Amino acid sequence: ITAPKREEKPDWIAKARKTPTKKDVQALAAKIKKEPNARHFRSYHCAALAKRGDFASVIEAASKWQEIDVNNPTVYVYWAMALQKMGNEQRACRAISSLAEIMPKESVFINFAAYLALKHGMVDFAIELFETAIRLRPEHQNNYRGLSLAFLRKRLYQKAVDALISGLRQR
């Protein structure tokens, strides 16, 4: 009996795990110069810088991007991530709240901002955002789920259960 052959992982998995080289980052910067409004190049560029751990450059790139694409939520996601990684919680919170502010009536953006805040350990801020999202769209169960997760992080177990029950009652 022989062991089954191990399948090789698809190429995209290896590429996703690879840390971009300085040359890769420079090539993306050159593409941005040629096509400054191409969001995908700017996003790849910020992602490559982040993967290299160059968070100051992520902030710089996102700032330049924001100048020409002020309502693009991706800019604020990169800002928040980089600022949080650099230990600047206050400015990271501001970037996340900007994400919610660019679409104040869209609970999906506020929900996304809340999950981002939760991911970065800004639990009190996440609770505020989830509660805002619930006020805007009480029928969206995912807002209650997020609120429950935030309460769990604060060890507020009864509030977590209550949030889940409230979400389950929405139809």
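Modeller: To begin with charge, the chain carries 30 positive and 17 negative charges, and their mean positions are 4 Å apart; here Lys and Arg count as positive and Asp and Glu as negative, while His and the chain ends are not counted, and each charge is placed at NZ of Lys, CZ of Arg, CG of Asp or CD of Glu.

Biologist: Before we go on, what kind of model is this?

Modeller: This is a predicted model, in which local features need pLDDT of at least 70 and side-chain atom pairs count only at pLDDT 80 or more, whereas totals for chains, interfaces and linings use all residues. Residues are numbered from 1 along each chain as its sequence is written, and side-chain values use heavy atoms, with hydrogens and water left out.

Biologist: How many helices and strands are there?

Modeller: The chain has 10 helices and 0 strands, where helices (H or I, at least four residues) and strands (E, at least two) are DSSP runs numbered from the N terminus.

Biologist: And what is the radius of gyration?

Modeller: The chain has 20 Å, whereas a compact globule of 171 residues would have a value near 16 Å; the radius is taken over C-alpha atoms, and the globule rule is 2.2 Å times the number of residues to the power 0.38. Along the principal axes, the C-alpha atoms fill a box of roughly 65 × 50 × 30 Å.

Biologist: What share of the residues is buried?

Modeller: Buried residues make up 39% of the 171, with buried meaning under 20% relative accessible area, exposed over 50% and partly exposed in between (1.4 Å probe, protein chains only).

Biologist: Let's pick a helix: which residues of H3 are buried?

Modeller: Phe41, Arg42, Ser43, His45, Cys46, Ala48, Leu49 and Ala50 are buried in H3, and the buried residues of this helix pack against helix H2 (22–34), helix H4 (55–68) and helix H5 (73–85).

Biologist: What span should H3 have?

Modeller: H3 covers residues 39–51, and at 1.5 Å a residue its 13 residues should span 18 Å, which agrees with its end C-alpha atoms being 18 Å apart; the expected span is 1.5 Å times one less than the number of residues. H3 is followed by Gly53, whose phi is positive, near 85°.

Biologist: What about H7, which helices do its buried residues pack against?

Modeller: They pack against H5, helix H6 (89–101), helix H8 (123–136) and helix H9 (141–153), and among the buried residues of H7 are Phe109, Ile110 and Leu116. After H7 comes Gly121, with a positive phi near 80°.

Biologist: Where is Pro73, and what does it contact?

Modeller: Pro73 is in helix H5, and, leaving aside neighbours within four places in sequence, Pro73 is in contact with Leu99, Ile102 and Phe109, contact meaning heavy atoms within 4.5 Å. The C-alpha atoms of Pro73 and Asp124, which are 51 residues apart along the chain, are separated by 22 Å.

Biologist: New topic: what is phi of Arg155?

Modeller: Phi of Arg155 is near 60°, a positive value in a residue other than glycine. Most residues other than glycine have a negative phi. Arg155 lies in the loop between H9 and helix H10 (157–169), and Arg155 counts as exposed because its relative accessibility is 62%.

Biologist: Last one, how does Ser57 sit?

Modeller: Ser57, in helix H4, is partly exposed because its relative accessible area is 22%, and the C-alpha atoms of Ser57 and Ala82, 25 residues apart along the chain, are separated by 8.9 Å.
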